[in-house]
Amino acid sequence: MPSLSELVRAHTDLVEDDVTWLQLLMADWQILADLSFADLVLWLPDREGKGYWAGGQMRPTTGPTALVDDVLGTFIPVGRRRMLDTAFETGRLVREGDPEWRDDVPVRVEVIPVRRAGRVIATIARNTNLLGVRTPSRLELSYLQTAAELTQMIASGWFPLPGQRSDHADSPRVGDGFVRLDPAGRVVYASPNGLSAYRRLGLQGDLAGVVLTDLTRDLVPARRRPDEETLSAVLGGRDGRATEVGTEEVTLIVRSIPLRLQGDRSGALLLIRDVTELRRRDRELVTKDVTIREIHHRVKNNLQTVAALLRLQARRTQAEDAKSALEEAVRRVGSIAIVHETLSQAVEESVDFDDIADRLGAMVADVSGVEVPVRVVREGSFGKLPSEAATPLAMVLTEVLQNAVEHGYADAPEATTGRVVVTARRIVGRLHVVVEDDGRGLPDDFDLDGSTQLGLSIVRTLVESELGGVLDIGPGSHGTRVQADLPID
């Protein structure tokens with residue numbers, strides 16, 4: 001289905017500020033649908049004046065739907081729905097006395113003009129399924145009265161409000177807890193869920209007639225509530241935003257929507273949600289995240305200790321082959337330590353591999369035993385990689401760079417310099433890595449399948465078995481070219 005922005009660009013003359021206003025409205029119109037027990041459809045005016053396009057649709061969670069099928073993206077020509085025409089032309093709320101019948105269901109339709117900067121930029125059709133209508137309770141009457149005031153605010157250009165939006169993951173909904181305040185911040189009505197939320201804070205009696213700001217100060221310790229200005233503005237219904245209050249055992253999110261009639265403040269709607277369990281899980285996740293980072297930090301320290309011991313042993317070893325093998329082991333352990341060091345500083349279990357690749361290149365260039373100065377350069381970006389892929393790829397890159405430096409420039413004249421280029425590209429779920437040097441190239445009898453070198457065996461095993469990729473080694477434009485094609489989610 002098309003998005004609001006796509007429909008606006010394709011069929012209307014609405015400007016960017018109009019679209020921003022409508023997006024802000026649609027972020028909060030679940031509240032209006034639930035308070036009205038009705039389906040909402042946003043109708044956009046066609047740029048040629050031929051009719052209206054359905055730019056959005058919202059069903060209520062508090063009552064039966066009146067629109068079984070989706071209407072988003074459909075078109076209604078001028079004259080077919082006179083209520084839409086009238087609302088656009090007059091800028092007034094339009095109601096009809098007789099319901100429409102849709103699939104044997106009586107539906108009451110009202111059209112609300114959406115006003116911004118003094119002009120009507122769209123309309124909202126409110127469709128109520130009358131089969132679900134019964135003698136309203138006090139809760140339903142409070143919902144409907146508040147919905148009527150929100151409707152007047154939309155038609156007058158006073159709603160939506162800037163600030164916290166109800167499409168935020170933690171934002172409370174109408175069914176979570178509903179409290180209606182008068183202009184003085186006194187509770188006129190509280191739904192059963194709203195009352196229960198405050199009783200979990202320690203309230204013993206009822207909320208009706210209570211000044212909510214004063215009550216919250218009594219129930220919530222100062223260290224668990226916001227500053228006084230925020231507390232008074234939100235719980236007094238003067239500012240349209242959200243805040244958290246709570247005790248050691250209970251945490252509530254309270255969102256305020258100030259209400260206005262004919263320009264005068266008529267009170268406020270408060271939505272309250274108990275997020276105690278969500279905050280407990282958040283704390284657990286933070287604790288786990290800190291623990292995981294600490295584990296990576298300790299693994300890095302242990303690997304560095306192992307590398308130091310191997311380096312010490314290499315210095316005491318007289319046999320050149322044994323010393324060379326120990327020095328290679330030091331580099332391999334060091335490449336893994338760099339990955340764990342990066343993970344110990346990351347918030348998520350993924351790492352920016354560009355930083356790791358740059359550090360590995362610098363490490364290999366600094367500790368190479370060749371006489372020629374070699375510079376390792378990276379082109380392109382590896383991007384973020386999961387930890388399970390970063391560790392083997394770090395070892396692969398270390399081995400390939402080490403081979404490029406040692407075998408490409410080992411017997412080169414002292415006056416020359418070397419350059420190794422690491423190129424990384426991500427294309428449609430795959431990572432393509434090329435390491436190319438300008439050294440002396442491969443020997444004439446080189447055969448990857450028949451090679452017995454430990455470094456190449458490690459690279460091939462990690463690329464093909466651990467990373468599930470494809471490895472290719474061959475001549476480059478000047479020296480040797482190593483390519484690895486890896487699947488990356």
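The dialogue below treats the overall composition, then helices, strands and sheets.

Modeller: This is a predicted model, in which local features need pLDDT of at least 70 and side-chain atom pairs count only at pLDDT 80 or more, whereas totals for chains, interfaces and linings use all residues. Residues are numbered from 1 along each chain as its sequence is written, and side-chain values use heavy atoms, with hydrogens and water left out.

Biologist: How many helices and strands does the protein have?

Modeller: Helices (H or I, at least four residues) and strands (E, at least two) are DSSP runs, numbered from the N terminus. The secondary structure here comprises 12 helices and 19 strands.

Biologist: What percentage of the residues count as buried?

Modeller: Buried means under 20% relative accessible area, exposed over 50%, and partly exposed in between, with a 1.4 Å probe and protein chains only. By that criterion, 49% of the 489 residues are buried. Contact, in turn, means heavy atoms within 4.5 Å. Among contacts between residues at least 6 apart in sequence, 60% join residues at least 24 apart.

Biologist: Which residues of helix H1 are buried?

Modeller: In H1, residues 4-11, the buried residues are Leu4, Leu7 and Val8. They lie on the same side of H1 because they cover an arc of only 100 degrees around the axis; the arc is that of the directions from the helix axis to the C-beta atoms. Their cover includes helix H2 (16-36), strand E1 (39-45) and strand E2 (51-58).

Biologist: At what angle do H1 and H2 cross?

Modeller: Axes are lines fitted to C-alpha atoms, for helices over the stretch in contact, and angles run from 0 to 180 degrees between N-to-C directions. The axes of H1 and H2 come within 11 Å and cross at roughly 150 degrees. Leu4, Ser5 and Val8 of H1 meet Val19, Leu22, Gln23 and Met26 of H2. The residues of this contact divide into 5 nonpolar, 2 polar and no charged, where Ala, Val, Leu, Ile, Met, Phe, Trp, Tyr, Cys and Pro count as nonpolar, Asp, Glu, Lys and Arg as charged, and the others, Gly among them, as polar.

Biologist: How many bridges join E1 to E2?

Modeller: Two strands pair if DSSP finds at least two bridges between them. E1 and E2 run antiparallel and are joined by 6 bridges, with Ala54 in E2 as the bridge partner of Trp43. The two strands form a hairpin with 5 residues between them, and Gly49 in the turn has a positive phi of about 75 degrees. On E2, 8 of its 8 residues are buried. E2 is also joined by 3 bridges to strand E3 (residues 75-77), again antiparallel, and Trp53 stands opposite Phe75 in E3.

Biologist: Which residues of helix H6 are buried?

Modeller: They are Leu212, Thr213, Leu215, Thr216 and Leu219. An arc of only 160 degrees around the axis puts them on the same side of H6. What covers them includes strand E8 (178-181), E9, helix H5 (192-201), helix H7 (228-235), E10 and strand E12 (264-274). Arg217, also placed in H6 (residues 212-219), is partly exposed, with a relative accessible area of 26%. Leaving aside residues up to four places away in sequence, Arg217 touches Arg225, Glu228, Leu231 and Ser232.
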